[in-house]
Structures are given as C-alpha cells and as structure tokens.
Amino acid sequence: MNVEDLVAIDVHTHAEVSSHGHSSLDDDLHDASSAYFKVEGERKPTLQETARYYRERRMAAVIFTVDAESATGTAPVPNEEVAEAAAANADVLIPFASIDPFRGKAGVRQARRLVEEYGVKGFKFHPSIQGFFPNDRAVAYALYEVIEETGAIALFHTGQTGIGAGVPGGGGIRLKYSNPLHVDDVAADFPHLKIILAHPSFPWQDEALAVATHKPGVHIDLSGWSPKYFPPQLVQYANTLLKDKVLFGSDFPVLTPDRWLADFGKLTIKDEVRPKILKENAARLLGLTTP
C-alpha cells in the first residue's frame, strides 16, 4: 500500500455480504437500518466491489464484518474471506476481523490465528448487538489479551446504533452496552492496547472525549454521522487536544465517503488538522508509516 498516493484512509467500513450472498444481518435489521440511514441504491456491495469503489477514489479502507451470532443467530461474513479479499486488494483494503466474545476459548484461538496467519490488523466489537459490556472480564478479557499481545487494534462501537432502530423493542438491542465509559476500564486494564471508539458517541459524547484525552491508547473515529451533525465539542477537541487521535471513518456502505467528505469540507477544521484526520493519524495507528 502506497500511503503517499492515498487521499484518505477510511477506518470504518463493513463487509455486509459474503461471496455466497450471505448477509451478517437478518432482513428485518438490515431493512430497518437502511431506512434509518436513508440508504439509496445497493446496500450490499461485495468485497471486490468495495475494493474497486475505494481504488477509484484513491482511498484505503479498513473493512470488517460483525460477529454477533450468539445474540442474533445469524452467522457473520467469514473473517477469513474478508482477510483474503484484503490480501488480494492490498493496495486499498486493510483487514480487521470480528469475533463474538461469547465464543470463549475457541474465539481466542481464532483471534490469534487470524492475526498470525491472515494478517488481520484489528478487531471490531459491537457491544449493543453482541450483547456484552466491554469491561466484562469473564466474557471479553481473554480476547483483549491476545489483541494487545499481537499489537492489533480493538475497535468498539459506541453510542446509539441504527441497527434495530424502528423495529419493535429495537430488535432486542440494548444501548447501555455501548457507553464508552465501559471501554475506559478496558483501556486502564490493558494499557498497551490500541483502541478506537467508533462514531460520535451520542448520548455519551463527553464521556468519549474524556476517555480519549485521559488514555493515551484511545482514539475516536468519526464514522456513522455526516460531519454537519457533529456535536460542537467533538469539533473543538478534534481541532485541539485530540488532533492526533481523531480518524476519518464513513460507515460504508450505509454512509458513503463521498457524502462524508463533502460535508467534512464545510466543517470548521484547521488546515493543519485536516490531513491528520483524513490520513496521517490512521496511517500511524495502523503501522503504515514510521511513528
């Protein structure tokens, strides 16, 4: 991957369909989230289509599935398939994985194998969909140990979620699990673990900013929201105290980088901070450039 030639690095994109047409969300949750995000057109690009999409834009993309099979009964897009597609498109795709923390020891073994044999760079957790508190030692800490040991990144969904929005009972998805303060415990207990708090963390934006300013290993990605809706304190911190720890993410395919970047261009961000958010911070965190 030639980082210098890239316009941006999108640290938050989803592999929503496998090569066999299998989706990691059931139809009800998928359709409800499309309505929530007002998605127009095709919502399920293949991994190869995603690679072409980002190559055309001279961008790189971190890509992952979400494994919440214990809670939803739906199998994820295979992590191995995501990693193999990234290897075949290494100029634009960066593989992350997702492991249901309730897989226990088998999940821990899988995490190590994915890093060592498939080159996976990080792991996506969605506490609300997976149904766990990130600071639950019995459920998740063995996974974090492997992630920290291997130098991979732990990316946590935080705040409200569009998944289940509008479905009766929210599809059984509970928002409480995604308060970023639960991740503060993880950052304290694993001081060398690289962490990304995904999304503006509504209704816990101030909590996320507090964690990221207090814990050196914690970063924030800006995915899932159009920048025109960012809370003012998030913009303030991105321009100042967190200028080296805030990352561009879109949430593709539910929010495209085209729309995100168009709105970001209108945001009051300092000229010297823009390239940090769009590429430099991510490149450093992902080990694509020399610190």
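This report describes the sheet, some helices and loops, and a cavity in one predicted model.

## Basis of the model

Because this is a predicted model, local features need pLDDT of at least 70 and side-chain atom pairs count only at pLDDT 80 or more, while totals for chains, interfaces and linings use all residues. Residues are numbered from 1 along each chain as its sequence is written, and side-chain values use heavy atoms, with hydrogens and water left out.

## The sheet

Eight strands form an open sheet with parallel pairing, in the order S1-S2-S3-S4-S5-S6-S7-S8. Helices (H or I, at least four residues) and strands (E, at least two) are DSSP runs, numbered from the N terminus. Two strands pair if DSSP finds at least two bridges between them. At the edges are strand S1 (8-14) and strand S8 (246-247), each of which pairs on one side only.

S1 runs parallel to S2 and is joined to S2 by 5 bridges. His14 stands opposite Phe64 in S2. S1 is mostly covered, with 7 of its 7 residues buried; buried means under 20% relative accessible area, exposed over 50%, and partly exposed in between (1.4 Å probe, protein chains only).

Strand S6 (residues 194-198) and strand S7 (residues 218-221) also run parallel, joined by 4 bridges. In S7, His219 is the bridge partner of Ile196, and Ile220 is that of Leu197. Both faces of S7 are covered: Val218 and Ile220 are buried on one side, and His219 and Asp221 are buried on the other.

## A helix across the strands

Helix H8 (residues 181-189) lies across strand S5 (153-157), S6 and S7, and runs at about 175° to S6. Axes are lines fitted to C-alpha atoms, for helices over the stretch in contact, and angles run from 0 to 180 degrees between N-to-C directions. Contact means heavy atoms within 4.5 Å.

The buried residues of H8 are His182, Val183, Asp184, Val186 and Ala187. They pack against helix H7 (137-150), S5, S6, helix H9 (205-214) and S7.

## Loop residues

Ser178 lies in the loop between S5 and H8. Ser178 counts as buried because its relative accessibility is 1%. Leaving aside residues up to four places away in sequence, Ser178 touches Pro127, Ser128, His157, Thr158, Gly159 and Trp204.

Most residues other than glycine have a negative phi, and most peptide bonds are trans. The loop between S6 and H9 holds His199, whose phi is positive, near 80°. His199 is buried, with a relative accessible area of 6%. Pro203 is also in the loop between S6 and H9, and the peptide bond from Phe202 to Pro203 is cis, with omega near 5°.

The loop between S8 and helix H11 (257-264) holds Pro253, and a cis peptide bond with omega about 10° joins Phe252 and Pro253. Asp251 is in the loop between S8 and H11 and has a positive phi near 90°. Asp251 is buried, with a relative accessible area of 7%.

## The cavity

The structure holds 1 cavity of 30 Å³ or more. On a 1 Å grid over the protein atoms alone, a cavity is a set of points where a 1.4 Å probe fits but cannot get out; lining residues have an atom within 4 Å of a point. Grid points are joined across faces, edges and corners, and a volume is the space filled by probe spheres set on the points.

The largest cavity has about 30 Å³ of space. Its lining consists of Leu222, Phe230, Leu234, Val235, Ala238, Phe264, Leu267 and Ile269. Helix H10 (residues 232-239) gives the largest share of this lining, 3 residues.

Technical notes. On a 1 Å grid over the protein atoms alone, a cavity is a set of points where a 1.4 Å probe fits but cannot get out, and a pocket is an open set with protein on both sides within 12 Å along at least five of seven lines; lining residues have an atom within 4 Å of a point.
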